[in-house]
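User: I would like to go through this structure with you, one region at a time. Could you take my questions as they come?
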Amino acid sequence: MDGAVAATPSPDPTSCTQEAVLVCTEAHLLREGRWSGQVHGRDVVVFHHQGGCYTMDRICHHAGGPLEDGDIEDIAGHACIVCPWHKIKITLATGESLYRAIDPATIKQRPPRTKWTSKGVKQRMHTAEVKDGNVYVTLSNNEQKVDSDYYYSEEYKKLVSASKRGTT
């Protein structure tokens, strides 16, 4: 089968004891360049880029955009997914969010020089492994909070529930 394999959600998607889940075939990932779906109740996306597999939360940390619809671009030597909603640049390797900062030494120049700068890790990264022609994803067990975790928080779930009832 070339498509996604449904994964059974666990009761706690932030648990540190997640097992690897078969998500697609290697042939599918090579052909499409990406796969997105749920693993243990968490929305993830797997990208294949220049021979590597990169896995992260599917929902952009900035404003909830669908990263699986973004383009991959080289930004200052880093392969980045560019969120289609607000053009946020996220490195595939680390989940760092990059932005163009004004070089303070050139502030009086017109225009001032800019340089790509990291805001730090904002996107939760996971692990993809290719084994026997299949792609398996294991969720991160890193307890350090990152911005994309918000979309799996109780606060966000309550907000979504209230908006569906029309009581925001």
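User: How many bridges join strand β2 to strand β3?

Analyst: In this predicted model, β2 (residues 34–39) and β3 (residues 42–49) run antiparallel and are joined by 6 bridges.

User: Which residue is the bridge partner of W35 in β3?

Analyst: W35 is partnered with V46.

User: And which residue takes a positive phi in that hairpin?

Analyst: H40 does, with phi near 50 degrees; the hairpin has 2 residues between its strands.

User: Now H126. Is it buried or exposed?

Analyst: H126, in strand β10 (residues 125–131), is buried because its relative accessible area is 9%, under the 20% cut-off.

User: What does its side chain reach?

Analyst: The side chain of H126 reaches the backbone nitrogen of S140 at 2.9 Å. H126 also touches residues including R42, V44, D57 and L139.

User: And T106, where is its place?

Analyst: T106 lies in the loop between β8 (96–102) and β9 (114–121). T106 counts as buried because its relative accessibility is 1%.

User: Which residues does T106 touch, leaving aside those up to four places away in sequence?

Analyst: P112 and R113. A polar atom of the T106 side chain lies 2.8 Å from the backbone nitrogen of R113.

Conventions:
Residues numbered from 1 in each chain as written. Predicted model: local features only at pLDDT ≥ 70, side-chain atom pairs only at ≥ 80, totals over all residues. Heavy atoms only, no water. Helix = DSSP H or I, 4+ residues; strand = E, 2+ residues; numbered from the N terminus. Buried < 20%, exposed > 50% of the residue type's maximum accessible area, 1.4 Å probe, protein only. Polar contact = N/O pair within 3.5 Å; in protein donor to acceptor, adjacent residues only side chain to side chain. Contact = heavy atoms within 4.5 Å. Pairing = 2+ DSSP bridges.
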